[in-house]
Amino acid sequence: MTRVLHVLDHSLPLHSGYTFRTRAILTSQQAQGIQLRAITGLRHSEDGPDMEEIDGLTFHRTRGTVSGPPGVREFREIARLTEAIIALAQEWRPDVLHAHSPALCGMAAVRAGQLLGIPVVYEVRAFWEDAAVGNGTGSEGSFKYRLTRALENRVVAQADAVFTICNGLREDLIARGHSAGKIGLSPNGVDMALFGEPAPRDDALAAELAIETGPVIGFIGSFYDYEGLDDLIAAMPLLIDRQPGAQLLLVGGGPMEAALRAQAAASTANGAIHFTGRVPHSEVERYYSLIDILAYPRKRSRLTDLVTPLKPLEAMAQQRLVAASDVGGHRELIADGITGTLFPADDPTAMAEALDDLARRQGSWAAMRERAARHVASAHDWARNVDRYQSVYHHLLAPVPNGPVSKAA
């Protein structure tokens with residue numbers, strides 16, 4: 001039975017798209033009979049024991065602190081995580097190290113794998129230098145940006161096999177000169193077993209939030225600049241001109257929250273824009289029940305063109321209507337007019353027109369929801385998608401006559 005040690009930046013009990021993808025992968029692999037554990041690096045910020053079980057999954061923690069200027073600090077993080085991986089591997093004896101973005105995790109796994117003689121799979125979920133630009137913590141072309149990109153290239157070159165979550169990331173790596181045959185796809189997915197019929201409208205919550213009948217446009221997630229929520233707020237007066245009962249429900253928080261609240265307060269549509277702040281994960285379904293159309297107005301950038309988000313897939317799996325900007329990451333997930341609606345990015349007027357058009361076609365909503373849910377079930381269900389990992393593991397572990405463990409092509 002194959003034993004796999006996953007190497008992670010952070011994990012449950014923290015809640016993020018990263019931790020939810022990890023949970024889905026590990027849970028699905030465990031259901032297939034794979035023995036697995038996971039280890040997090042120094043950036044896992046949640047207090048807890050050195051080893052803990054969460055949702056039936058075992059997580060080990062790397063302990064210690066590092067300091068130093070940019071570049072030095074990161075390589076000290078890699079060294080500490082490498083030591084922790086080796087110590088755990090010598091005790092638990094995994095067959096494969098499966099590291100996940102960022103490249104700090106990948107480099108630690110590569111170093112540990114080389115010392116232990118264990119094959120390494122590296123999974124690229126995003127280019128973290130572009131993510132830093134997107135969330136305002138970095139700038140394109142800076143020293144840290146170039147260092148992160150160089151480290152990513154080094155890890156991809158040295159890992160035995162590589163996965164990316166979408167074609168945008170894969171094509172970018174191939175354009176850098178990496179072998180296409182080495183890089184597989186493991187697209188974002190959902191655990192379809194978690195989703196049944198959508199919950200009925202929570203009228204008590206609607207009354208509490210003063211939400212009218214709508215149409216209700218909604219966004220549930222983190223308020224980063226690249227999400228384009230300022231464009232969505234700017235589109236609301238134009239939408240209300242066409243749909244007088246339109247409401248906007250913004251659930252979550254983040255770096256842009258104060259600016260977005262100020263923008264909404266100054267808007268002529270202020271009375272139709274509702275902020276809830278962050279809500280417990282266990283309560284999110286109640287808020288979904290109030291929303292007619294989930295909007296994902298991401299701005300165009302390297303990050304949004306190359307990376308597929310998880311939220312639209314979750315909404316589609318829950319049989320919710322989705323409308324999204326036509327950045328590359330959304331085009332990989334949504335077929336315009338079939339499983340959802342796409343509109344030009346960075347254009348509030350075009351967004352308002354698209355939302356109005358979708359709102360007027362209520363007779364087509366049920367069929368669009370059904371097509372979207374079927375698409376997610378057929379192409380993005382983790383119960384099926386984890387087979388991609390299994391085949392690569394088997395290839396890496398297959399004995400080669402008169403030779404060492406085989407490597408990915």
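Strand β10 (247-253) is mostly covered, with seven of its seven residues buried. Buried here means under 20% relative accessible area, exposed over 50%, and partly exposed in between, with a 1.4 Å probe and protein chains only. Helices (H or I, at least four residues) and strands (E, at least two) are DSSP runs, numbered from the N terminus. The model is predicted: local features need pLDDT of at least 70, side-chain atom pairs count only at pLDDT 80 or more, and totals for chains, interfaces and linings use all residues. Residues are numbered from 1 along each chain as its sequence is written, and side-chain values use heavy atoms, with hydrogens and water left out.

Over seven bridges, β10 pairs in the parallel sense with strand β9 (residues 216-222). Two strands pair if DSSP finds at least two bridges between them. Phe 219 has Leu 250 in β10 as its bridge partner.

## The eight-stranded sheet

Eight strands form an open sheet with mixed pairing, in the order β3-β4-β2-β1-β5-β6-β7-β8. At its edges are β3 (51-54) and β8 (183-185), each of which pairs on one side only. From one strand to the next, the twist averages 25°; angles run from 0 to 180 degrees between N-to-C directions, and axes are lines fitted to C-alpha atoms, for helices over the stretch in contact.

Within this order, strand β6 (residues 120-124) and strand β7 (residues 161-164) run parallel and are joined by four bridges. Opposite Val 121 stands Ala 161 in β7. Helix α3 (residues 103-116) packs on the sheet and touches β1 (3-8), β5 (96-100) and β6, its direction making about 165° with that of β5. Helix α6 (residues 167-175) also packs on the sheet, touching β6, β7 and β8, and its direction makes about 170° with that of β8. Contact means heavy atoms within 4.5 Å.

## Helices α8 and α14

Helix α8 (residues 229-242) packs with helix α14 (residues 348-360) at an angle of about 50°, and their axes are 8 Å apart. The two helices are therefore oblique to each other: angles under 35 degrees count as roughly parallel, over 145 as roughly antiparallel, 65 to 115 as roughly perpendicular and the rest as oblique.

Residues of α8 in this contact include Leu 232, Leu 238 and Arg 242, and those of α14 include Met 351, Leu 355 and Arg 360. The contact residues divide into nine nonpolar, one polar and five charged. Ala, Val, Leu, Ile, Met, Phe, Trp, Tyr, Cys and Pro count as nonpolar, Asp, Glu, Lys and Arg as charged, and the others, Gly among them, as polar.

Gln 243 is found in the loop between α8 and β10. Gln 243 counts as buried because its relative accessibility is 13%. Leaving aside neighbours within four places in sequence, Gln 243 is in contact with Pro 215, Asp 356, Ala 359 and Arg 360.

Ile 78 is part of helix α2 (residues 72-92) and, at 0% relative accessibility, counts as buried. Not counting residues up to four places away in sequence, Ile 78 touches Leu 104, Met 107, Ala 108, Arg 111 and Leu 151. Ile 78 and Ala 109 are 31 residues apart in sequence and 8.8 Å apart in space, C-alpha to C-alpha. Asn 385 lies in helix α16 (residues 382-385) and is buried, with a relative accessible area of 5%. With residues up to four places away in sequence not counted, Asn 385 touches Pro 187, Ala 379 and His 380.
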